[in-house]
Amino acid sequence: MSKKCAPSSSHYYKYSFSPLASNIPVLCLLLGFSSTTLSCMGFIQNCVRCESYNLGQKTKTVLFQSVQNQSNNNPKPIDPNSWPDKFPAKSHCSRCGLCETSYVTHVSDACAFLGEGMKRNIDGFEKIVHGRRRNFDDIVWNGISTGSKAWAGVNKNGLIADEARFGVMHSPMVLARGKRISGAQWTGCVTSIALSMLESGMVDAVVCIASEENVGKGSAWSSPKPILARSVDDVMRGRGVKPALAPSLNVMDELKKSPEIKKLLFCGVGCAVQAFRAIQNELSLDEVYVLGTNCADNSPTPEDAREFLRRSVPSISDEHKRVLGYEFMQDFRVHVKYEDENNATSVSYERIPYFSLPGDVAKFAIADSCLACFDYTNALADVVVGYMGAPLGSDSNMDQSYQTITIRNSRGAKMIENALGACRIELGPVATGSGSHEKIAMATVASDNIVQEMIGGEIKDQGMPRFLGEIMATLMRSIGPTGVSFARYSLDYHLLRNYLHIIEFGGEDGTKMVPEYARIIVEKYLTTNDSFRRLVQSVRSKER
């Protein structure tokens, strides 16, 4: 490996300490504003989702009648145009794509939301994929780690990612940037790793999400199209985040008809990766690598994603502005990246405080399936790219900011070494953070419009006036959790909200799909937080 291209291995363990004593006030509740908006904290991070789950044995029998009646020798894919009504998980199907292929007969064992779903997949596959389970003892509460892993001694103040929350780690989570990827939404970490693997012959093809080409003007950014990429040009089509559900696995039949492909890289989010791992041994491949992304709260359709922007950021509807993508960022604002057709050489940003988003956008902008997901961190991927645990630069532009890379096993280490050797990525220090996250996580859950609707509370249609939203966002960035601690906040918020959803929708049967790590986090809040206990009791009472 060229020393000029890549930092030394010490970069995996280098970090700087800048602890802040934080006491996060429950600002949303004290001010009486609904952070609707925070129910939209989509932190939307590439590609797709695959979510749906069994609501009981009787429902399962009905849903799977059509699948079980098929002969395994002649499986019939489900017509994608019949989504979601004809799909096994109905409204909670996230279109991972499995049911649109001849592998549909595996759905009851592969789908992340049927039967025990994510519990079955994450708890069952984690050791098989990575060689061991995550260290459940290494978990941070109130800024203090109880960890006992090799580097836990330097994590006693909770400065780096804890394994119980973030999953198996071959080495600590690090900061990273992609290199030489023009047109990427961020700096192109995912694209860079994929390109280096294809260019070096490490893989023969890459499953990734491109943009649909045959759509209306300005709509390609929101319209995902899974492809089996075999060339550099194909992989480059996968640049950018597509904030809508997309059937990643629907190219599996194309793969089956391509016997020349023996080494594959699969790119996707947690639910799609879970389904892929379940059928991996059926694919007749010699080598398999999985590059995952963090993900939460995608829109059901491209149209819904565009409507979210139209309602939330009206100024972006100018016919001369071409949207390139958007993210829910660590500064408590939605960043919309666009270019002006009159000056296509420059990229601009519109930044809207979460708190100023319309109060009702979450209802249509977040897929039902995403409300039942417990795999934001992509537990079964070899390498995971995200951004919630990264610091946000002073200019906060996506294409200049760090992302995070989590290496889960030796295959993942090989993938990153290959990208470093090709000068495709650069690694920074270990990802760190500061501040407690529990109070703000619980405040967000309690004031969330989706949660309020569950318990019959007040739903506020309007967000804060823009100037108040800006003040709130600036204040929260100043005193709130940062870096890895912000990621903990985001993760806990989504886990707690989604736990309430599966109780509301599936009753106690729904809780059977909660993986062990998520159960531990939920139980902690149940035993230490009166507000969360009351919410759970209220939802359970309504369910009865």
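User: A disulfide is a pair of cysteine sulfur atoms within 2.5 Å; to how many disulfides does the count come by this rule?
Analyst: The count is zero disulfides. This is a predicted model, in which local features need pLDDT of at least 70, side-chain atom pairs count only at pLDDT 80 or more, and totals for chains, interfaces and linings use all residues. Residues are numbered from 1 along each chain as its sequence is written, and side-chain values use heavy atoms, with hydrogens and water left out.

User: Is Cys295 buried or exposed?
Analyst: Cys295 is buried, at 1% relative accessibility. Buried means under 20% relative accessible area, exposed means over 50%, and partly exposed lies in between (1.4 Å probe, protein chains only). Cys96 is also buried, with a relative accessible area of 7%.

User: What share of the chain is buried?
Analyst: Of the 544 residues in the chain, 61% are buried.

User: And how many helices and strands are there?
Analyst: The chain contains 20 helices and 15 strands. These are DSSP runs numbered from the N terminus: helices are H or I with at least four residues, strands E with at least two.

User: Moving on to Asn449: where is its place?
Analyst: Asn449 belongs to helix 16, residues 449–454. Asn449 is buried, at a relative accessible area of 4%.

User: Which backbone oxygens does its side chain reach?
Analyst: The Asn449 side chain reaches the backbone oxygen of Gly359 at 2.6 Å, and one of its polar atoms lies 3.2 Å from the backbone oxygen of Lys460. A polar contact is a pair of N or O atoms within 3.5 Å; within protein, one must be able to donate a hydrogen and the other to accept it, and residues adjacent in sequence count only if both atoms are side-chain atoms.

User: How many residues apart are Asn449 and Gly359 along the chain?
Analyst: They are 90 residues apart along the chain, while their C-alpha atoms are separated by 7.1 Å.

User: Last topic: which residues of helix 6 meet helix 11?
Analyst: Gly117, Met118, Asn121, Ile122, Phe125 and Val129 in helix 6 meet Cys271, Gln274, Arg277 and Ala278 in helix 11. Contact means heavy atoms within 4.5 Å.

Notes. A disulfide is a pair of cysteine sulfur atoms within 2.5 Å.
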